[in-house]
Amino acid sequence: MGWGRMLLLGNWGQQMDIEDQRTEIEDLRRQLQAGARAGSTTLENRVTQLEKENSELRLYLASLIRYLGHNGVLQQDEFRELVETIDTEDGSADGSYDGKIIK
């Protein structure tokens with residue numbers, strides 16, 4: 001999978017890569033659906049799981065922003081200003097965003 005297959009096989013290799021990705025995505029989707037049906041069926045369990053995942057995502061995002069800032073890739077003041085600008089795009093500065101991710 002990857003550029004080697006594309007280089008050697010051209011479009012056919014690229015189509016094989018796409019099909020491999022499609023298969024992997026379907027496998028993951030089935031695993032998620034099976035997990036949702038098997039264990040955490042109560043609303044309380046699902047909310048707890050979402051809170052855990054949200055905390056983990058916040059940790060990764062904070063780490064990434066600090067890493068990029070530390071390495072000079074990201075200016076934290078500019079980033080903070082961008083966040084505030086995007087926050088108000090959906091009509092209110094409320095710490096959330098309901099608009100399009102990519103314009």
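Reader: How much of the chain counts as buried?
Author: Of its 103 residues, 5% count as buried. Keep in mind that this is a predicted model.

Reader: OK. How many helices and strands are there?
Author: Four helices and zero strands. Along the sequence the pattern reads α-α-α-α.

Reader: Which of the elements gives the most?
Author: That is α4, with six lining residues.

Reader: And how many residues line the pocket, and which lie nearest its centre?
Author: The lining has 15 residues. Nearest the centre are Leu61, Ala62, Ile65, Phe79 and Val83.

Reader: How does the lining split into nonpolar, polar and charged?
Author: Eight residues are nonpolar, three are polar and four are charged.

Reader: Now Asp87. Where is that residue found?
Author: In helix α4, the helix that gives six residues to the lining of the largest pocket.

Reader: Is Asp87 buried or exposed?
Author: Asp87 is buried, and it has no salt bridge.

Reader: Which side chain of opposite charge is nearest, and how far away?
Author: Arg80, 12 Å away. A salt bridge needs a nitrogen-to-oxygen distance within 4 Å.

Reader: So what is Asp87 in contact with, leaving aside neighbours within four places in sequence?
Author: Five residues are on that list: Ser92, Ala93, Asp94, Gly95 and Ser96.

Note on methods: Residues numbered from 1 in each chain as written. Predicted model: local features only at pLDDT ≥ 70, side-chain atom pairs only at ≥ 80, totals over all residues. Heavy atoms only, no water. 1 Å grid on protein atoms, 1.4 Å probe; cavity = no way out; pocket = protein on both sides within 12 Å on 5 of 7 lines; lining within 4 Å. Helix = DSSP H or I, 4+ residues; strand = E, 2+ residues; numbered from the N terminus. Nonpolar A, V, L, I, M, F, W, Y, C, P; charged D, E, K, R; others polar. Buried < 20%, exposed > 50% of the residue type's maximum accessible area, 1.4 Å probe, protein only. Lys, Arg positive; Asp, Glu negative; His and termini not counted. Contact = heavy atoms within 4.5 Å.
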